[in-house]
Amino acid sequence: MAITLNHTIVPCFDKVESAKFYSRVFGFEYVGAFSHFIVVRVNDTLSLDFDNKEQFLSIHYAFKVSEQEFDEIFARLQLEQIPYGSGPGNADDMTINHNYGGRGVYFRDPNGHLLEMLTVDYVIPPQ
């Protein structure tokens, strides 16, 4: 059996609003309360568990999507006027990248986490 990531905790200031943001922008399934978390299902094997925290560091989350999903999510970013950019240091230059023959974009969630959407995997050179 392949090892898969089952869930990860996303620290945030408002777990309900944060979960709704991810559901709205990415189209993820909003599951709701589980224990003290608010859960969003990304796919069959992964959920994001949002948890209120007073302080936390910004985290980077990257999501590989199909070309059609990219178009749909990108349209929602534009509709909501969410600043986006071509790289982690340019997350608000209002351009996308075409790395490795695909498309990619970076943007921030309401908590300052850096989100990435890409259509093609990075090419990591063999060691």
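**Close-up views of a predicted model**

**View 1. The largest pocket and its lining.** The largest pocket has 18 lining residues, and those nearest its centre are Phe28, Val42, Asn43, Phe63 and Lys64. Two elements each give two or more residues to this lining: strand 5 (60-64) and helix 2 (67-79). The pocket holds about 340 Å³ of space. Sorted by class, its lining has eleven nonpolar, four charged and three polar residues. The model shown here, and in every view below, is predicted.

**View 2. Aromatic rings that pair up.** How many aromatic pairs does a search of the whole structure find? The count is eleven. Take Phe26 and Phe28. Their ring centres are 4.8 Å apart and their planes meet at 5 degrees, so this pair is stacked. The cut-off for stacked is an angle under 30 degrees. In general, two numbers describe a ring pair: the distance of the centres and the angle of the planes. Both residues of this pair are buried: Phe26 has 6% relative accessibility, and Phe28 has a relative accessible area of 12%. Buried means under 20%. Ring pairs also build a cluster, made of Phe21, Tyr22, Phe26, Phe28, Phe50, Phe63 and Phe107. Two of these names return from View 1: Phe28 and Phe63 lie among the residues nearest the pocket centre.

**View 3. Helix 2 and its buried face.** Helix 2 has 13 residues. At 1.5 Å a residue they should span 18 Å, and the end C-alpha atoms are 18 Å apart, which agrees. Which residues of helix 2 are buried? They are Phe70, Ile73, Phe74 and Leu77. Seen down the helix axis, the buried residues fall within an arc of 105 degrees, so they line one face of helix 2. The spacing follows a general rule. An α-helix has 3.6 residues a turn, so residues three or four places apart point the same way. On the other side of helix 2, Gln68 and Leu79 are exposed.

**View 4. The largest cavity and Val120.** One cavity of 30 Å³ or more is counted. The largest cavity has a volume of about 50 Å³. Its lining includes Asn97, Asn99, Tyr100, Arg103, Glu116 and Val120. By class, that lining has five polar, four nonpolar and two charged residues. Val120 sits in the segment after strand 8 (114-118). Is Val120 buried, exposed or partly exposed? Its relative accessible area is 29%, so Val120 is partly exposed. Val120 and Leu46 are 74 residues apart along the chain, and 20 Å separates their C-alpha atoms.

**View 5. A buried histidine in a loop.** His113 lies in the loop between strand 7 (104-108) and strand 8. Its relative accessibility is 0%, so His113 counts as buried. Gly85 is 28 residues from His113 along the chain, with 14 Å between the two C-alpha atoms.

**View 6. Two loop residues with positive phi.** Most residues other than glycine have a negative phi. Ser35 has a positive phi, near 55 degrees. Ser35 is found in the loop between strand 2 (29-34) and strand 3 (37-41). At 62% relative accessibility, Ser35 counts as exposed. Phi of Gln81 is also positive, near 55 degrees. Gln81 lies in the loop between helix 2 and strand 6 (84-85). Is Gln81 buried or exposed? With a relative accessible area of 71%, Gln81 is exposed.

Technical notes: Residues are numbered from 1 along each chain as its sequence is written. This is a predicted model: local features need pLDDT of at least 70, side-chain atom pairs count only at pLDDT 80 or more; totals for chains, interfaces and linings use all residues. Side-chain values use heavy atoms; hydrogens and water are left out. On a 1 Å grid over the protein atoms alone, a cavity is a set of points where a 1.4 Å probe fits but cannot get out, and a pocket is an open set with protein on both sides within 12 Å along at least five of seven lines; lining residues have an atom within 4 Å of a point. Grid points are joined across faces, edges and corners, and a volume is the space filled by probe spheres set on the points. Helices (H or I, at least four residues) and strands (E, at least two) are DSSP runs, numbered from the N terminus. Ala, Val, Leu, Ile, Met, Phe, Trp, Tyr, Cys and Pro count as nonpolar, Asp, Glu, Lys and Arg as charged, and the others, Gly among them, as polar. Rings of Phe, Tyr and Trp (its six-membered ring) pair if their centres lie within 6.5 Å; planes under 30 degrees apart count as stacked, over 60 as edge-to-face and the rest as tilted. Buried means under 20% relative accessible area, exposed over 50%, partly exposed in between (1.4 Å probe, protein chains only). The expected span of a helix is 1.5 Å times one less than its number of residues. The arc is that of the directions from the helix axis to the C-beta atoms.
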